[in-house]
Amino acid sequence: MATTLTGNAYRADHVGSFLRPKELLELRANKPNSPELRAVEDREILRILAKQKELGFGIFTDGEFRREGFMSDLVDAVDGFTTSEAHQRDWKSSQGQQTQPLRDVVTQKIHQKRRLTEYETSFLLGNSPGPVKMTLPSSNQFPAIAYRKGASERAYPTYAPFLADVAEIIAGEMGALAAEGVAYIQVDAPRYSYYLDEKWRTFLKTEYSPNLDALLDEAIASDNLGFRRARKPGVTLAIHLCRGNNRSNWYASGGYDAIAEKLFNQLEVDRFLLEYDDERSGTFEPLRFVPKDKIVVLGLVSTKVGQLESAETIAKLIDQAAKYLPLDRLALSPQCGFASMSSGNIIAEDEQWAKMKLVADVAKKVWG
């Protein structure tokens, strides 16, 4: 069961990742795992922690500055993944479409070498000015992105045992984070968007099973394994539902209607961070299915474009959402991270902070 709403509601929230400085990116490319890289990571994380405090946020992240991407912690912590040039993914943006090879295809049975976030967490807990948020990828990310017929069967005859192995590793990490005193654990789950977009619904039926209801049940169960492992008094558990976020590109569209009732009621979280930045996200109507003990964080501020939204427009959208979910069960955030992959979205750092300030200012005005 989710916790009650009596704790800190974190009305101004964020998805976790921030734009990496050029120096950090260059060191990661040229001197990976070096003392120089670690020193710059430390320095820049301290800088953005101070910036979050300055802007008025009450929950703090390291911006995922130590990661290549939002899911790289798991890939780096286990053996069994390789890059596959033979498999491609299409990404869409306002400028058109591009194709990229899939990285990190599973070709051997995975074996965990180390904890996923131990160093990230220890540094944050020792240096954050307030409660810490740590992000992890959903276990459902990996069969969808890493299990490919023709490359993965030798390791796993089907995707299901691979999903089970990934889910157990992530659940173990979530339990460790809760035990260490991390206040807010967020799972990033782009693959639920497959159920929202007809193109990707067809993909699921073709690659996995024609029974989409059973697939969705399986996905929810694998994420709940981690939430149950991390459930502890004082720990906020959240899931972020995304439609793709890479260099300001996306891959899926569609409202939450098709999965809202099951997802909102069965995922054992305290908060849903939902994308609502443009027409691809659909309407607020599915919020009527959110149970009374859960909060929705409205992702109304885009991380994909630099143009700053108006505070008045954001406030009006919050009012519209409140027709379906009471205001005291809503919060505000950017629509996604600013750098789900280390290369970051096509947006300047000053634009990023302006959007973060907008989130904090509007949240203070709306909720006090």
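Residues are numbered from 1 along each chain as its sequence is written, and side-chain values use heavy atoms, with hydrogens and water left out. As the model is predicted, local features require a pLDDT of at least 70 and side-chain atom pairs count only at pLDDT 80 or more, whereas totals for chains, interfaces and linings use all residues. The mean pLDDT (the predictor's confidence in each residue, from 0 to 100) is 90 for the chain, and 90% of its residues reach 70 or more. Over residues 1-7, however, the pLDDT is below 50, and this stretch has 15 contacts in the model beyond near neighbours in sequence, a contact being defined by heavy atoms within 4.5 Å.

The secondary structure of the chain comprises 11 helices and eight strands, taken as DSSP runs numbered from the N terminus (helices H or I, at least four residues; strands E, at least two). Of the 368 residues, 58% count as buried, where buried means under 20% relative accessible area, exposed over 50%, and partly exposed in between (1.4 Å probe, protein chains only). The chain exposes about 14,900 Å², of which carbon and sulfur atoms supply 52%; accessible areas come from the Shrake-Rupley method with a 1.4 Å probe, and for residues only the protein chains shown count as cover. Among contacts with a separation of 6 or more, 78% are accounted for by residues 24 or more positions apart.

Six strands form an open sheet with parallel pairing in the order β3-β4-β5-β6-β7-β8, two strands being paired if DSSP finds at least two bridges between them. The twist averages 25° from one strand to the next. Five parallel bridges pair β3 with β4, and Pro137 has Asp188 as its bridge partner in β4. Asp188 is in turn the bridge partner of His240 in β5, within a parallel pairing of β4 (residues 184-189) and β5 (residues 236-241) that extends over six bridges.

Strand β8 is mostly covered, five of its five residues being buried. Helix α10 (residues 311-321) lies across β7 (295-301) and β8, running at about 145° to β7, with axes fitted as lines to C-alpha atoms (for helices over the stretch in contact) and angles taken from 0 to 180 degrees between N-to-C directions.

A nonpolar core is a set of buried Ala, Val, Leu, Ile, Met, Phe, Trp, Tyr and Cys residues joined through side-chain atoms within 4.5 Å. The largest such core holds 101 residues, of which Phe81, Phe162, Tyr192, Ile239, Leu287 and Leu298 touch the most other members. Apart from it lies another core of 11 residues, among them Ala9, Val15, Tyr184 and Leu273.

Gly58 is found in the loop between α2 (35-55) and α3 (72-77) and is partly exposed, with a relative accessible area of 31%. Not counting residues up to four places away in sequence, Gly58 touches Tyr10 and Pro131. Gly58 and Asp13, which are 45 residues apart in sequence, are 8.1 Å apart in space, C-alpha to C-alpha.
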